[in-house]
Amino acid sequence: MNIKEIDSICAYCGVGCEITGVVEDNTIQKIYAKKETAVSRGKLCIKGKIGWDFVHSSKRLSAVKIRKKFLYKNELYFPKEIKSALNNTIKEDEEFIYPPLELAYKIASWKIGRIRDLYGSDSIVGIGGARSSCESGYIFQKFIREVILSPHIDNCARVCHAPSLKGMRQVIGEGAATNPFDDIEEADFIMIVGSNITEAHPIAATRVTNALRKGKKVAVFDIRETHISASATYDITLPYESNLLVLNMLSFVILSEGLEDREFIQKRVIGFEEYKKSILSDSYANPDFFLKIKGYEYLSELIKKVAREYAKSNSIILWGLGVTEQNDGSYAVEAMCNLAVITGNIGARGKGLIPLRGQNNVQGVCDMGCLPYYLPDYKTPDREGKKTPDMINDMCEGKVKALINMGEDIAHIHPNQNKIKNAIKELEFLMVMELFDVEIAKEADIVFGVKSAYEKEGVYINAERRVQLSSPLVKSDLPDDWEVLAAIANELGSSFTYNSSKEIWDEIREVASERFEGASYDKLKQNRLQALQWPIGKKGTKRLHQEDFRTVDKKAHLTYRRYFLRGMVEELYRKRRSGFYLSTGRTIAQYNNAAQTKCSNTLLKRYSDDILHVSKEDEEFFKDIKEVILSSKYGNTEPLKIKITKKLKKGTLFCTFHYAKNKINYLFGDEGDELTKTARFKSIKVDIIGVKS
């Protein structure tokens with residue numbers, strides 16, 4: 001027997017739990033967490049514990065496959081070298097050929113080069129990367145920008161936390177968590193806004209439950225009752241799309257009652273008087289507005305209580321996609337930053353702001369520059385590229401001819417799926433790097449099967465800026481994402497001479513020196529179980545903004561963004577309430593597009609299909625109905641099983657989106673955050689057009 005124990009990082013959410021894999025003969029037998037680790041502290045959620053089966057799944061993609069239809073369309077134009085190689089015996093089936101990697105690299109590079117020559121560099125775009133390592137993310141943006149010469153690079157932050165980056169940078173100059181997760185327990189008052197933290201970020205949630213046991217106070221703002229809100233000090237159920245409204249109300253109470261930290265404001269804040277004047281003169285910022293909102297009248301006094309607790313305590317705010325996936329997500333993030341700044345609840349132990357990042361490396365790939373408006377280290381590019389929704393529009397119009405996709409299933413997890421499917425059909429070339437035959441891979445011309453996080457070395461950065469070096473638990477003959485890109489780059493005439501992920505990371509340390517200069521592989525290995533938080537020089541940085549903010553003048557800049565009456569709030573205010581509002585989210589046993597989690601039988605048994613949750617107050621409407629079809633102006637779902645719950649208010653619905661076959665994301669259109677175009681996944685009005693009894 002050859003049994004090893006290898007320390008690494010969990011391959012799921014942005015909490016970044018440290019794991020130890022028990023491996024025998026290159027097969028994972030078990031995964032657990034050591035008690036001495038900084039994040040997991042010896043605990044893992046169910047996905048971390050048993051959701052590793054996907055590594056050995058028979059459904060994993062082979063090294064490469066090329067669609068025969070693509071070859072037939074291009075065979076007249078192929079150079080002799082490619083034609084000759086294709087004439088040799090190659091494994092094939094009805095739809096695909098399975099060539100050697102070297103030939104696939106030549107075909108991909110030839111097609112990319114031909115499109116670039118015919119239509120220009122801007123006709124090629126790149127999307128993805130948040131499930132891969134920093135090294136692959138860095139090479140991805142470098143490939144798009146320096147090899148293709150296109151500025152159009154984006155990642156899944158576009159559908160999750162782009163508003164957090166935008167809103168936080170606007171006020172305090174940095175778009176990342178200010179504090180470590182441990183500071184949740186150090187705070188006296190914890191606000192959780194728009195996050196079902198126990199299911200979406202379970203190990204971070206243990207900090208909250210520990211705080212509650214210690215007698216700390218917790219306020220939860222959400223559109224439904226969640227597991228954590230049931231035990232919170234203040235359980236605040238909001239109307240859909242009212243985050244900004246309520247956050248402004250908290251500031252209104254603090255300022256009208258003189259609870260702000262005047263000394264902190266005088267030393268470290270710009271624009272306070274203008275901000276105060278604007279908010280106190282806005283009738284929508286007064287919490288008494290809720291006295292006019294039927295079913296939510298109690299919020300008037302509750303908001304005042306929470307505001308006083310927050311201002312008088314050492315307080316920390318956590319938030320999730322319930323904030324960012326809205327029309328005013330960036331503005332709501334600004335409002336939370338404003339709250340922290342005017343009360344001095346930032347830059348110290350137990351005082352701060354923590355956006356709960358979704359994917360395991362979405363923080364990292366943003367740090368690496370996989371965004372249209374930032375280079376690595378958040379430097380400004382010479383030319384700003386297009387965001388994903390704009391790329392999709394350009395595909396529909398024939399302006400974008402090629403998409404290079406690295407681990408982001410835009411044909412499932414993005415909104416407006418009817419439009420996306422049409423956009424993909426207009427492409428001349430779609431290249432995908434993936435683990436499984438997910439929806440976007442099913443549309444691709446060339447699919448490269450690549451290593452998973454458990455099969456490679458690389459750096460991942462969690463939601464608290466913790467820079468974590470993963471180790472491969474098992475060996476794989478598949479290429480890493482960066483190896484695919486480097487090989488194609490070299491075929492296109494570039495010189496990507498990297499022999500290891502360490503060589504790439506050393507380049508990153510130079511290019512993004514402000515955050516990573518001191519973070520050598522050796523240092524990261526030495527600190528594997530207690531990983532350092534960036535910026536890393538001689539040591540890491542646990543808390544940001546202790547002395548200065550990361551703006552040009554080192555001050556926080558307050559800007560008031562007023563709420564505009566709309567949607568469910570307007571219907572309630574004008575007494576014209578009708579129909580149903582839907583919100584979507586995760587469940588603990590599945591993850592995102594479920595590509596990995598569906599390959600765990602235990603997880604699949606726990607949650608094998610998306611379920612529509614319906615309010616107990618609407619039970620009569622759904623009497624004797626077991627399945628419904630939801631409809632919006634953008635599309636319809638497939639029939640969904642329903643579950644009656646007391647955790648939702650009348651006229652509101654909730655559903656997960658893990659299974660592509662249910663077409664949940666066909667309901668959502670292009671509406672989204674005003675500044676970042678992040679989709680409004682957390683609120684859409686739907687009709688019920690079909691039922692099955």
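Student: Why is helix H20 largely enclosed by the rest of the structure?

Tutor: Eight of the 11 residues of H20 (481–491) are buried, so the rest of the structure largely encloses this helix. Buried means under 20% relative accessible area, with exposed over 50% and partly exposed in between (1.4 Å probe, protein chains only). Helices (H or I, at least four residues) and strands (E, at least two) are DSSP runs, numbered from the N terminus. This is a predicted model: local features need pLDDT of at least 70, side-chain atom pairs count only at pLDDT 80 or more, and totals for chains, interfaces and linings use all residues. Residues are numbered from 1 along each chain as its sequence is written, and side-chain values use heavy atoms, leaving out hydrogens and water.

Student: Which residues of H20 are buried?

Tutor: Asp481, Trp482, Val484, Leu485, Ala486, Ala487, Ile488 and Ala489.

Student: What do they pack against?

Tutor: Helices H4 (101–119), H5 (134–147) and H21 (501–511), plus strands E15 (402–406), E16 (429–434) and E17 (446–449). Contact means heavy atoms within 4.5 Å.

Student: Which residues does Phe143 touch?

Tutor: Leu485, Ile488 and Ala489 are among them, as are Ile112, Ile404 and Phe496; residues up to four places away in sequence are not counted.

Student: And the largest nonpolar core, which residues touch the most other members?

Tutor: Phe143, Phe448, Tyr454 and Trp505, out of 168 residues. H4 gives the most to this core, with nine residues. A nonpolar core is a set of buried Ala, Val, Leu, Ile, Met, Phe, Trp, Tyr and Cys residues joined through side-chain atoms within 4.5 Å. Another core, of 70 residues, lies apart from it and includes Phe272 and Met568.

Student: Switching to sheets. What is the strand order in the open sheet of five strands?

Tutor: E11-E10-E9-E13-E14, with parallel pairing. Two strands pair if DSSP finds at least two bridges between them. E11 (234–237) and E14 (352–355) are at the edges with a single partner strand each, so one side of each has no neighbour in the sheet.

Student: Which helix touches E11?

Tutor: H13 (299–312) packs on the sheet, touching E9, E10, E11 and E13 (315–319), and its direction makes about 130° with that of E11. Axes are lines fitted to C-alpha atoms, for helices over the stretch in contact, and angles run from 0 to 180 degrees between N-to-C directions. H15 (329–342) lies across E9, E13 and E14, at about 170° to E13.

Student: How do E22 and E23 run relative to E24?

Tutor: E22 (611–615) runs parallel to E24 (640–645), joined by five bridges. E23 (627–631) runs antiparallel to E24, with two bridges.
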